[in-house]
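Subject: Structure handover

Dear colleague,

Here is the structure we spoke about handing over. Please look through it alongside the notes below.

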Amino acid sequence: MSMECGVFHTRYESDMGLRPRPAQRIRLAILALFVLVFPFLASTYWLDLANQVAIATVGAIGLNILVGYTGQISLGQGAFMAIGAYTAGLLTLNLGLPWGASVFCACILTAVAGTFFGLPSLRLKGLYLAIATLAAQEIVEWAMTHWTAVTGGTEAIVVPAPRLFGLRLNSTFNFYWLAVLTAAGTALFAANLFRSRIGRAFEAVRDQDIAANVIGVDIFRTKLLAFATSSFFVGLAGAMIAFYRNIVTWERFTLNTSIVYLAMIIVGGLGSIRGSFLGAALITLLPALITNLGRAIQDTAPQAASLLPYAQQAVFGIVIILFLIFEPRGLSKLWDNVKDYFHVWPFAYRRGESRAN
């Protein structure tokens, strides 16, 4: 008599499936149903927040490819988003390119810029690499505000509204579908990337670059490819902001933006696509929830309500500290803990199938 418990695969196709278990497919179907129904029930305010979460998810996945999966620290997220936003906006505004072509060109140019600023990663690690990417942030930020012939300096650039078949896409309802599809496509690409040889090379460099070099991984090429891939999606997030808001201004892409996105992947979970979404959702929605809380207690506790706007940054920092102390692997690990609990509740063997030999 033997007893088995756990999840067993008898085919490689089943083992390599993105959602091999029925429970995973059910959760995915529920999420898809919610995404489809949500825009028809939500107000414009919540639709706008959902669009912001989708854009942030694209940028967070891009940053997680570099930081979480490849182990290369970056403080230049705002700079690369700015390159994507300004490139997409200026190509459409000055050259008359269709918005789709402008977005693609912006992603390519951002990938090239990311590759260039990733060159120091061959010899720099940790804090030193962070300082190098911080230099990239400062250089791009200076260019945004002083290269007036191209960026307009401190003046905002007004971008034409994107249209598809005569339909304006930057309304909250229409852009929702574009943003959700883009975020889903980015997540699907990243999920498959780390099931490929290139993605495994990224993870090998993260875990131990010397050992990766011994087994034949080209460290320099892999790091540059990680910077390029990450910057491509970060530039895509910046281009989405440009066409959604119709205004490109340097104030959206400061060092604070880099810190916010770094917080997203830390809170959500480094090296996790699901964590990128959860972190983007929490960090994006947290200020809105605090604002709504202040409005709710305005009549009953006006003094506390007046202090809440000033407490946003404090709450932001406290959330990061609490996650670093109590759950460094972020919201993604908390979700895994919940799933693991139900996998073995009330008895572990209930997940398996007993049989007589």
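This is a predicted model: local features need pLDDT of at least 70, side-chain atom pairs count only at pLDDT 80 or more; totals for chains, interfaces and linings use all residues.

Helix H9

H9 covers residues 197-214 and has 18 residues. Its end C-alpha atoms are only 16 Å apart, whereas a straight helix would reach 26 Å at 1.5 Å a residue. The buried residues in H9 are Gly199, Ala201, Phe202, Ala204, Val205, Asp209 and Ala212. Their cover includes helix H3 (44-67), helix H8 (172-193) and helix H10 (219-245). After H9 comes Gly216, with a positive phi near 105 degrees.

Thr182 in H8

H8, one of the helices that cover H9, also holds Thr182. Thr182 counts as buried because its relative accessibility is 19%, and the cut-off for buried is under 20%. A polar atom of the Thr182 side chain lies 2.7 Å from the backbone oxygen of Leu178. Beyond its neighbours within four places in sequence, Thr182 is in contact with Val58, Leu236 and Met240.

Asn246 sits in the loop between H10 and strand E5 (247-248). Its phi is positive, about 65 degrees, although Asn246 is not a glycine. With a relative accessible area of 15%, Asn246 is buried.

Asn256 in H11

Asn256 belongs to helix H11. Is Asn256 buried or partly exposed? At 46% relative accessibility, Asn256 counts as partly exposed, because that value falls between the 20% and 50% cut-offs. Asn256 and Gln77 are 179 residues apart along the chain, and their C-alpha atoms are separated by 9.6 Å.

The second largest pocket

The second largest pocket holds about 760 Å³ of space. It is lined by 24 residues, of which Gln52, Val260, Tyr261, Met264 and Thr284 are the closest to its centre. At least two lining residues come from each of H3, H10, helix H11 (255-268), helix H12 (273-296) and helix H13 (302-326).

Regards

Definitions and conventions: Residues are numbered from 1 along each chain as its sequence is written. Side-chain values use heavy atoms; hydrogens and water are left out. Helices (H or I, at least four residues) and strands (E, at least two) are DSSP runs, numbered from the N terminus. The expected span of a helix is 1.5 Å times one less than its number of residues. Buried means under 20% relative accessible area, exposed over 50%, partly exposed in between (1.4 Å probe, protein chains only). Contact means heavy atoms within 4.5 Å. A polar contact is a pair of N or O atoms within 3.5 Å; within protein, one must be able to donate a hydrogen and the other to accept it, and residues adjacent in sequence count only if both atoms are side-chain atoms. On a 1 Å grid over the protein atoms alone, a cavity is a set of points where a 1.4 Å probe fits but cannot get out, and a pocket is an open set with protein on both sides within 12 Å along at least five of seven lines; lining residues have an atom within 4 Å of a point. Grid points are joined across faces, edges and corners, and a volume is the space filled by probe spheres set on the points.
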